[in-house]
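This report walks through one protein model, from its overall layout to a few selected residues. Please keep the sequence and the structure in view while reading.

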Amino acid sequence: MSKTADRHQDGPAAGPVLAPEALFHTGLVVEDLESAMKTLGELAGYHWTSVMELQVIARTPHGLQQASQRFVLSLEEPRLELVEAIPGTVWVSEGSNGAHHVGYWAEDERIEEVSAALVGLGLEVEASNDFEADGRLMWVYHRGLGGIRVELLNTLMKPSMDAWIAGADPAAVQREAPVG
């Protein structure tokens with residue numbers, strides 16, 4: 001039996017860090033949000049939430065970054081997130097890959113543990129938000145997988161994201177979200 005077959009049969013020693021059913025979206029960074037929405041709508045039949053515009057603060061290895069962010073989510077699953085490019089931040093397209101990130105839900109009480117496990121697997125933290133909601137980690141980007149990031153999203157944000165997907169006004173969603 002080959003070593004690959006042995007590994008497959010035995011499985012990972014401690015189990016996976018992420019579960020397929022926790023995948024929330026695949027994120028694409030685009031230069032022009034409205035144009036990308038139109039193109040993907042015509043090409044693949046996607047429909048979109050209203051545009052979310054917010055001020056985001058990210059902790060990076062180089063300090064805090066503040067930026068104005070614009071993004072949407074597809075109403076259809078598997079869900080896509082389109083994020084308008086923000087030069088000089090983590091939200092830029094490097095042109096070497098199609099996907100910018102894959103976003104997974106992580107339970108509030110486990111998000112730091114899951115993040116540490118990703119670091120242990122070689123996916124270093126690139127940016128995070130851990131100070132706007134009383135020190136809780138609300139989202140974190142890990143860099144790896146050949147340039148694609150793994151984003152962990154705290155499930156505390158799920159009710160506000162679900163409301164936005166269902167058609168709630170983005171400003172109301174921001175007021176009710178645990179961050180901000």
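## Overall layout

Among contacts in the protein between residues at least 6 apart in sequence, what percentage join residues at least 24 apart? In this predicted model, the share of such contacts that join residues at least 24 apart is 61%.

The secondary structure comprises 5 helices and 8 strands, which follow one another along the sequence in the pattern α-β-α-β-β-β-β-α-β-β-β-α-α. Of the 180 residues in the protein, 42% are buried.

Strand β8, which spans residues 149–154, is largely enclosed by the rest of the structure, because 6 of its 6 residues are buried. In a regular strand the side chains alternate between the two faces of the sheet. Here both faces of β8 are covered, with Arg-149, Glu-151 and Leu-153 buried on one side and Val-150, Leu-152 and Asn-154 buried on the other.

Strand β5 (residues 101–106) runs parallel to β8 and is joined to it by 6 bridges; within this pairing, Gly-103 stands opposite Glu-151. Strand β7 (residues 139–143), in contrast, runs antiparallel to β8 and is joined to it by 5 bridges, with Trp-139 standing opposite Leu-153. The strands β7 and β8 form a hairpin that has 5 residues between them, and in the turn Leu-145 adopts a positive phi of about 55 degrees.

## Glu-151, a buried acidic residue

Glu-151 lies in strand β8 and is buried, yet Glu-151 has no salt bridge. The nearest side chain of opposite charge belongs to Arg-149 and is 9.7 Å away, whereas a salt bridge would call for a side-chain nitrogen of Lys or Arg within 4 Å of a carboxyl oxygen.

Which residues are in contact with Glu-151, leaving aside its neighbours within four places in sequence? They are His-25, Glu-81, His-101, Val-102, Gly-103, Tyr-104, Trp-139, Val-140 and Tyr-141.

## Aromatic pairs

The count of aromatic pairs comes to 6. In one of them, Phe-24 and Trp-105 form a tilted pair, with 4.6 Å from centre to centre and 40 degrees between the planes. Since Phe-24 lies in strand β1 (residues 23–30) and Trp-105 in strand β5, this pair ties together parts that are 81 residues apart in sequence. Phe-24 is buried, with a relative accessible area of 10%, and Trp-105 is likewise buried, with a relative accessible area of 14%.

A further feature is the aromatic cluster formed by Trp-91, Trp-139 and Tyr-141.

The side chain of Ser-160 reaches the backbone oxygen of Met-157 at 2.9 Å. When residues up to four places away in sequence are not counted, Ser-160 touches Val-173, Ala-177 and Pro-178.

Technical notes:
Residues numbered from 1 in each chain as written. Predicted model: local features only at pLDDT ≥ 70, side-chain atom pairs only at ≥ 80, totals over all residues. Heavy atoms only, no water. Buried < 20%, exposed > 50% of the residue type's maximum accessible area, 1.4 Å probe, protein only. Helix = DSSP H or I, 4+ residues; strand = E, 2+ residues; numbered from the N terminus. Pairing = 2+ DSSP bridges. Lys, Arg positive; Asp, Glu negative; His and termini not counted. Contact = heavy atoms within 4.5 Å. Phe/Tyr/Trp six-rings, centres within 6.5 Å; stacked < 30°, edge-to-face > 60°. Polar contact = N/O pair within 3.5 Å; in protein donor to acceptor, adjacent residues only side chain to side chain.
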